[in-house]
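Please keep the sequence and the 3D view at hand while reading.

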Amino acid sequence: MIGLCLTAALQAVVVLLSSSVALLGDTLHNVADALTAVPLLVAFRLAGRPPNKRYTYGYGRAEDLAGLFVIAMIALSGVVTAYEAIDRLLHPHDVAHLWAVASAGLVGFFGNELVARYRIKVGRQIGSAALVADGLHARTDGFTSLAVLLGAGGVALGWRWADPLVGLVITVAILGVLRSAVMQVGARLMDAVDPALVDQATKALVTVEGVKEVRELRIRWIGHRLRAEADITADPSLTITQSHELAHLAEDRLLAAVRRLNAANVHVSPVGAHAQSDSIV
């Protein structure tokens with residue numbers, strides 16, 4: 001947040017001096033990106049709280065709510081940038097201090113790239129898809145900052161429309177990032193996981209001695225941690241104690257095989273139990 005705020009502050013000074021709408025759009029985008037760190041910080045703080053009678057699964061879902069705030073900020077920056085660009089096309093205005101505009105574009109690129117690398121690195125270390133996505137968002141912002149250079153170059157050649165046109169191009173880039181963020185956050189809210197993750201967990205369960213079949217397996221993200229629920233079948237001759245031991249063995253195998261999985265609940269059913277119930281019905 002501090003890194004992007006400094007980047008945006010330097011760009012804002014140049015915006016006031018130059019009246020560049022392309023740089024304004026890039027500055028607003030960087031401000032929005034910096035503010036996304038606030039809800040993520042709050043979400044990580046909440047996720048550290050233990051479960052209670054009201055929130056029996058803990059507060060990990062706060063990270064998904066933070067993702068909604070990220071989406072709102074991206075959308076707001078896109079709307080403001082589009083409005084300013086269209087207004088400038090309808091009412092042309094000279095852009096001053098082109099060298100400063102170009103320099104500010106470079107500052108935006110390097111500032112965003114440094115932040116992107118840091119967010120992606122930490123996000124992968126802790127298993128936070130939201131933080132990795134936010135890092136990719138910052139990297140995209142860096143490339144939109146380079147577009148400001150094109151606008152400054154066009155104005156230098158006498159094309160007054162180049163600056164607002166680049167502003168519209170940046171708006172399109174923001175919309176692309178918005179679409180990606182909506183898909184990622186929406187998938188988390190709908191409890192989507194990578195199918196390969198389900199295959200990996202299933203393979204781990206079937207390798208446990210005594211497990212005949214994995215009848216049902218569900219995995220969901222809670223914040224940046226995974227939780228699994230499985231129904232496995234075993235020999236009907238097993239005692240209650242043996243079934244209990246098999247369930248714990250399967251849970252341990254899941255936790256060891258699936259990265260970021262910190263809780264698993266395994267139910268053991270005798271082979272053919274459901275089939276018998278269906279025939280009775």
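A residue is called buried when its relative accessible area is under 20%, exposed when that area is over 50%, and partly exposed in between, with a 1.4 Å probe and protein chains only. This is a predicted model, in which local features need pLDDT of at least 70 and side-chain atom pairs count only at pLDDT 80 or more, whereas totals for chains, interfaces and linings use all residues. Residues are numbered from 1 along each chain as its sequence is written, and side-chain values use heavy atoms, with hydrogens and water left out.

**The sheet**

- Helices (H or I, at least four residues) and strands (E, at least two) are DSSP runs numbered from the N terminus, and two strands pair if DSSP finds at least two bridges between them.
- Three strands form an open sheet in the order β1-β2-β3, and their pairing is mixed.
- Because β1 (213-222) and β3 (261-270) each have a single partner strand, they stand at the edges, and one side of each is left without a neighbour in the sheet.
- From one strand to the next, the twist averages 15 degrees, where axes are lines fitted to C-alpha atoms (for helices over the stretch in contact) and angles run from 0 to 180 degrees between N-to-C directions.
- β1 and β2 (residues 225-234) run antiparallel and are joined by nine bridges; Trp221 stands opposite Leu226 in β2.

**Helices on the sheet**

- Helix α8 (residues 195-206) lies across β1 and β2 and runs at about 135 degrees to β1.
- Helix α9 (residues 240-257) packs on the sheet, where it touches β2 and β3, and its direction makes about 145 degrees with that of β3; contact here means heavy atoms within 4.5 Å.
- The expected span of a helix is 1.5 Å times one less than its number of residues, so the twelve residues of α8 should span 16 Å, which agrees with the 17 Å between its end C-alpha atoms.
- Leu197, Ala201, Ala204 and Leu205 are the buried residues of α8, and they line one face of the helix because, seen down its axis, they fall within an arc of 100 degrees, the arc being that of the directions from the helix axis to the C-beta atoms.
- These buried residues of α8 pack against β1, β2 and α9, while the face turned away from them carries the exposed residues Pro195, Asp199 and Lys203.

**Aromatic pairs**

- Rings of Phe, Tyr and Trp (its six-membered ring) pair if their centres lie within 6.5 Å, and planes under 30 degrees apart count as stacked, over 60 as edge-to-face and the rest as tilted; the structure holds two such pairs.
- Tyr55 and Tyr59 form a tilted pair, because their ring centres are 4.8 Å apart and their planes lie at 40 degrees.
- Tyr55 is partly exposed at 39% relative accessible area, whereas Tyr59 is buried at 17%.
- Phe109 and Phe110 form an edge-to-face pair, with 5.2 Å centre to centre and 70 degrees between the planes; Phe109 counts as buried, at 18% relative accessibility.

- Ala138 lies in helix α6 (residues 129-156) and is buried, with a relative accessible area of 0%.
- Leaving aside neighbours within four places in sequence, Ala138 is in contact with Asp33, Asn112, Val115, Ala116 and Arg119.
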